[in-house]
Amino acid sequence: MKIGISACLAGDKVRYDGTDKKNEELLKILKDHELIKICPEMAAGFPVPRESLEIKDGKVYSSGGKDVTEKLKKGTLKCLEMIRDCDMVILKERSPSCGTYRIYDGSFSGKLIEGQGLFTRLCLEHNIPVYSENDIEEIRRKTAGA
Ligand code: SF4
């Protein structure tokens, strides 16, 4: 299978604080598949490290209060082109770009709410199946023997 994956889950140090979220268990499950690493925030031209981003009322703001919605949208569109023919994407939970089930509430206080990141929404609008790293058993089933 051809699978898009958040670059930070694959081990790239592209998060806002310069770290990764490498998920060894996930990568072991996916080892025989073709992985396409994507990071919408890097594709948008944000640096590493950078201010953290959160979504509030449908717009994306940096921790410094800047509206970066349009900038991030450009990055999500670039990433969509990269994964258009993928069988699924696996995205990093809680991110304003990649969050699948939960995101931060926009107050920069650590509070989580139900919601999706900008890139996640775009993938769903284009009928690309989206999973988070927390869907590990489902991912295992879907990719087994494929
Ligand atoms: S935008 Fe997505 S891939 Fe990039 S660091 Fe954030 S969660 Fe990871």
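This is a predicted model: local features need pLDDT of at least 70, side-chain atom pairs count only at pLDDT 80 or more; totals for chains, interfaces and linings use all residues.
Q: What makes Lys78 partly exposed?
A: Lys78 has 15 other C-beta atoms within 10 Å. Buried needs 20 or more, and exposed needs 12 or fewer, so Lys78 falls in between and is called partly exposed.

Q: How do you know that the span of α3 agrees with what a helix should have?
A: Helix α3 covers residues 69–83, which makes 15 residues. The expected span is 1.5 Å times one less than the number of residues, so α3 should span 21 Å. Its end C-alpha atoms are 21 Å apart, and that agrees.

Q: Which residues of α3 are buried, and why can we say that they line one face?
A: The buried ones are Leu72, Gly75, Thr76, Cys79, Leu80 and Ile83. Looking down the axis of α3, these buried residues fall within an arc of 145 degrees, so they line one face of the helix. The face turned away from that buried side carries the exposed residues Glu70 and Glu81.

Q: What do the buried residues of α3 pack against?
A: Their packing partners are the strands β1 (2–6), β2 (34–38), β4 (59–62) and β5 (88–91), along with the helices α2 (40–43) and α4 (118–125). Leu72 touches Pro40, Glu41, Ala44, Val60, Ser97 and Leu118, if you skip residues up to four places away in sequence.

Q: Which residues touch the most other members of the largest nonpolar core?
A: That core has 37 residues, and Ile3, Cys39, Val60, Val89 and Ile90 touch the most other members. Helix α3 is among the elements giving two or more residues to this core, and so are β1, β3 (53–56) and β6 (102–104). As for Val60, its contacts beyond four places in sequence are Leu53, Ile55, Val68, Thr69, Leu72, Pro96 and Leu118.

Q: How many residues of the shell around the ligand are nonpolar, polar and charged?
A: The shell divides into six nonpolar, three polar and three charged residues. Residues around the ligand include Val14, Arg15, Cys39, Glu41, Lys92 and Ser97.

Q: How far from Lys78 is Ala43, going by C-alpha atoms?
A: Those two C-alpha atoms are separated by 6.6 Å, although the residues are 35 residues apart along the chain.

Conventions. Residues are numbered from 1 along each chain as its sequence is written. A residue is near a molecule or strand if its C-beta atom, placed from the backbone, lies within 6 Å of it. Ala, Val, Leu, Ile, Met, Phe, Trp, Tyr, Cys and Pro count as nonpolar, Asp, Glu, Lys and Arg as charged, and the others, Gly among them, as polar. Helices (H or I, at least four residues) and strands (E, at least two) are DSSP runs, numbered from the N terminus. The arc is that of the directions from the helix axis to the C-beta atoms. Two residues are in contact if their C-beta atoms, placed from the backbone, lie within 7 Å. A nonpolar core is a set of buried Ala, Val, Leu, Ile, Met, Phe, Trp, Tyr and Cys residues joined through C-beta atoms within 7 Å.
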